[in-house]
Amino acid sequence: MASSFSSKIGVLLAAAGSAIGLGSIWKFPYEVGENGGGAFLLLYIICSLLFGLPLVMNEFLVGKLSGKSAFGAYRELSGSNKWQWMSWTNVICVAAVMSFYFVVTGWCIYYMVEAGAGAFEGMGAEQLREHFEAFEGKTLTMIIYAIIGIVMTGAVLWFDVNKGIERLSKILMPILFVILIAMAIHMMFIPGGLKGLHYLFHPDFSKITSKVILEAMGLSFFTLSVGVGALVTYGGYMPKDQNVTSTSIQMIVMVLIVSVLAAMIVFPAVFAYGFSPAEGPELTFVTLPDVFQNMVSPRITCTFFFALMCVAALTSTISLMEVMVAFICEASEKTKHPLNRHKSVLLVMLLQIVTNTLVVLSMTGEWGWLKVMGNNLFDVLNDAVSNYLMPLGALGISLYTGWFVPKARYQGSRVASVVYLVMLRWIVPLAIVIIFVNNFI
Ligand code: TRP
């Protein structure tokens, strides 16, 4: 894969492709809606800049300085085997993310197909909600579409056609950007739409609780793909003279813009068409088809939009699966049963088919007993990843680099400034601990 990043812009776009995905277009809007609007948006932006930036820079740097993926990087940089457990926690978290991410990727593929067949034409808010609820009851359909997502991702890694995907996403991602902007502008002018923007941009600080702060931080880590070593891999592909700081800032700005644009489309629709902001995980899927009803050739634009959403999801799943595949290849290298790339891809695909199937069975109630403390596996994993695993992973990585990587390793890197070190050693870890603990007392 290393050969596929031939240029600095290539690394930036690949990292942005990993980051921009369902987190921004699906998770972000519904979490804003569940957590009261503007105040949550503000917290999300603060967390992304204050904690996200040093953490993104840090992961890039760990990769760039060690030249290794998450499996070997921590050991290499600190010169000690003691840190191998961090690689393991990283890979477990990545597996957890994929176990529900493919389910939602499946929703995108299904909605693209449905839109293409004209299924949403003429549907109002109530019908669109019912349509989604009916889909949520179709266990087999949901499993099949999740598997389609897994197979497509596996195929990209199997045939090593990342270069092709990268080239494709270089064309498609700017198109997604332009369409999002056009839709956001369109939504400003629909009757009642401004209420949505008011909801989004007028923070109501009484809505902030310790849980809301934790969710904003977790969501910012999720959308930035930070805290699980996924970005370490990209750091390893950076040319020597690539500036880590500016690459990180550019990536974060792109993610923030896409997230905010997605919300600027969804919330005007919520208020104008009579949805509830706190609709939950189906929010994007029920509002978007309605958005297109009033646009030119609704069927074609809606299909095309869900197709772009699939591409955004796939560039993220490719990066997630690659972390696990590389991990298995490297981890098995010195054992009696080394697994080559193809075998690792197959193994990860199989594991993901099993876990995603279990998640769907638990979610649709087909296997009603498959619950953790009364919650289905989809909710449990979705919550655990952003509110526990990613903050704790980020805490681990910042403490590790701040305190346990000899400073000499950073020499020659302009990033090792005092501010950066203070952030990594003190501010970020303390903030994560305070936000985390505050949520439980
Ligand atoms: N950031 C991606 C999104 O917003 C999801 C993602 C890709 C991710 N790679 C990751 C999340 C690694 C956590 C860790 O859709």
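The model is a predicted one.

**Around the ligand**

- The ligand has 16 residues around it, and those that come nearest are Ala 19, Gly 23, Tyr 101, Phe 222 and Ser 225.
- A polar backbone atom of Ala 19 is 2.9 Å from an oxygen atom of the ligand.
- Gly 23 has a backbone N or O atom 2.8 Å from an oxygen atom of the ligand.

**Helix 2 and helix 12**

- Helix 2 spans residues 22–34 and helix 12 spans residues 244–273; their axes come within 9 Å and cross at roughly 60°.
- The two helices, helix 2 and helix 12, are therefore oblique to each other.
- Their crossing is right-handed.
- On helix 2 the contact is made by Ser 24, Ile 25, Phe 28, Pro 29, Val 32 and Gly 33.
- On helix 12 the contact residues include Val 255, Val 258, Ala 262 and Phe 267.
- Eleven residues of this contact are nonpolar, three are polar and none is charged.

**Helix 5 and helix 16**

- The axes of helix 5 (residues 84–116) and helix 16 (residues 377–404) cross at roughly 145° and come within 10 Å of each other.
- The crossing of helix 5 and helix 16 is left-handed.
- Helix 5 contributes residues including Met 86, Cys 93, Phe 100 and Trp 107 to the contact.
- Helix 16 contributes residues including Phe 378, Asn 382, Gly 396 and Tyr 400.
- The residues of this contact divide into 15 nonpolar, three polar and no charged.

Key. Residues are numbered from 1 along each chain as its sequence is written. This is a predicted model: local features need pLDDT of at least 70, side-chain atom pairs count only at pLDDT 80 or more; totals for chains, interfaces and linings use all residues. Side-chain values use heavy atoms; hydrogens and water are left out. Axes are lines fitted to C-alpha atoms, for helices over the stretch in contact, and angles run from 0 to 180 degrees between N-to-C directions. Helices (H or I, at least four residues) and strands (E, at least two) are DSSP runs, numbered from the N terminus. Angles under 35 degrees count as roughly parallel, over 145 as roughly antiparallel, 65 to 115 as roughly perpendicular and the rest as oblique. A crossing is left-handed if the near helix is turned anticlockwise from the far one by less than a right angle, and right-handed if clockwise. Contact means heavy atoms within 4.5 Å. Ala, Val, Leu, Ile, Met, Phe, Trp, Tyr, Cys and Pro count as nonpolar, Asp, Glu, Lys and Arg as charged, and the others, Gly among them, as polar. A residue is near a molecule or strand if one of its heavy atoms lies within 4 Å of it. A polar contact is a pair of N or O atoms within 3.5 Å; within protein, one must be able to donate a hydrogen and the other to accept it, and residues adjacent in sequence count only if both atoms are side-chain atoms.
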